[in-house]
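Visitor: I have a structure open and would like to talk through a few of its local features. Could we go step by step?

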Amino acid sequence: MTGLRYVYAVCRPFDAPLQSQITGVGGAPPRLLRHHDLIAVVSEVPERDFAEQPLRAHLEDLDWLTETAHAHQNVIDALTVVTTPLPLRLGTVFHDDSGVRVMLEAREEGFLRTLDRLSGRVEWGVKVYAEPEAEEQPREPAKVASGRDYLRQRRRSRQVHEEMWEKADRFARRLHETLSECAEDTRLHAPQNSALSGAPGRNVLNAAYLVPRRNSEEFVELVDRTKNEEPGLRVELTGPWAAYSFSGEEPGDRESDDMSSDGMSGENS
């Protein structure tokens with residue numbers, strides 16, 4: 001084969017076929033490259049886009065990055081249906097099959113250990129957003145008779161907002177504790193910047209939960225029961241994902257609103 005090798009994930013050998021129509025990065029179908037008890041899921045990509053210099057240039061092109069991230073995720077999603085994949089970073093590229101095998105050989109022990117830990121498990125994401133405008137009823141501002149009245153209104157306004165954020169924080173902490181009891185592991189990520197994500201409201205919880213597949217329905221029902229528990233707070237559930245947050249790898253992009261912070265890096269070898 002000519003071209004470079006783009007590596008999506010590493011997994012153990014599996015028997016179930018991948019979706020026949022699935023395409024990966026650049027439109028190429030993924031294939032399985034076996035080395036001992038590991039499988040690397042790879043596809044061929046052109047050097048003009050994925051050699052070190054053009055790849056660096058593409059990192060500045062959000063449209064290209066979005067398309068590549070979605071193609072990468074399509075392959076990971078297909079793998080998650082049939083096995084437990086260990087996703088690698090977006091833009092993990094090697095010169096040829098031999099380079100991929102060298103990587104597998106060097107990291108074999110760690111890959112096998114992580115795959116054993118993640119086997120039969122998926123990741124669920126939960127975010128909580130505070131929407132202050134949903135709590136506050138529109139009203140006419142009170143007339144200010146003096147500077148003292150103005151300062152009193154300002155203090156009251158600050159107090160209302162502080163109480164609102166405290167309530168949101170208490171709710172998020174309580175929810176995280178409840179969900180953690182149903183998960184084998186958790187990760188607390190930094191709150192998302194609404195200006196970057198485009199999601200309305202202030203993100204007060206951004207967490208990932210490692211859950212056995214057999215317990216996923218119970219986990220989803222638990223989240224659903226909280227969605228209307230507190231006015232002005234929005235709970236969002238995403239997944240099931242491959243266990244990005246628990247793989248020990250740098251996370252790939254599961255959603256376009258995460259792409260600005262996750263980035264993409266190559267591993268040309």
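**Asparagine, sheet, helix and rings**

Guide: Gladly; please keep in mind that this is a predicted model. A place to begin is asparagine 206, which lies in strand S8, made up of residues 202-212.

Visitor: Is asparagine 206 buried or exposed?

Guide: Asparagine 206 has a relative accessibility of 11%, and because the cut-off for buried is under 20%, asparagine 206 counts as buried.

Visitor: What lies 3.0 Å from a polar atom of its side chain, I mean that of asparagine 206?

Guide: That is the backbone oxygen of alanine 190. Leaving aside residues up to four places away in sequence, asparagine 206 touches Arg187, Leu188, His189, Ala190, Pro191 and Gln192, and also Val126 and Lys127.

Visitor: OK, now the sheet. What is the strand order, S7 and S8 included?

Guide: The order is S7-S8-S6-S9 in an open sheet of four strands, and the pairing is antiparallel. Strand S7 (185-188) and strand S9 (233-241) are the edge strands, each pairing on one side only. Direction ignored, neighbouring strands of this sheet are turned against each other by 20° on average.

Visitor: How many bridges join S6 to S9?

Guide: Strand S6, residues 121-130, is joined to S9 by seven bridges, and the two run antiparallel. Valine 128 stands opposite valine 235, the latter being in S9.

Visitor: Switching to helix H8: which residues are buried there?

Guide: In H8, which spans residues 216-224, the buried residues include Ser216 and Phe219, as well as Leu222 and Val223. Viewed down the axis of H8, the buried residues fall within an arc of 125°, so they line one face of the helix.

Visitor: And aromatics, how many pairs are there?

Guide: The structure holds five aromatic pairs. In one of them, tyrosine 6 and phenylalanine 50 have ring centres 5.7 Å apart and ring planes at 85°, and because planes over 60 degrees apart count as edge-to-face, this pair is edge-to-face.

Visitor: Where do tyrosine 6 and phenylalanine 50 lie?

Guide: Tyrosine 6 is in strand S1 (residues 4-11) and phenylalanine 50 is in helix H1 (residues 47-50), so the pair ties together parts that are 44 residues apart in sequence. Both tyrosine 6 and phenylalanine 50 are buried.

Terms used
Residues are numbered from 1 along each chain as its sequence is written. This is a predicted model: local features need pLDDT of at least 70, side-chain atom pairs count only at pLDDT 80 or more; totals for chains, interfaces and linings use all residues. Side-chain values use heavy atoms; hydrogens and water are left out. Buried means under 20% relative accessible area, exposed over 50%, partly exposed in between (1.4 Å probe, protein chains only). A polar contact is a pair of N or O atoms within 3.5 Å; within protein, one must be able to donate a hydrogen and the other to accept it, and residues adjacent in sequence count only if both atoms are side-chain atoms. Contact means heavy atoms within 4.5 Å. The arc is that of the directions from the helix axis to the C-beta atoms. Rings of Phe, Tyr and Trp (its six-membered ring) pair if their centres lie within 6.5 Å; planes under 30 degrees apart count as stacked, over 60 as edge-to-face and the rest as tilted. Two strands pair if DSSP finds at least two bridges between them. Axes are lines fitted to C-alpha atoms, for helices over the stretch in contact, and angles run from 0 to 180 degrees between N-to-C directions.
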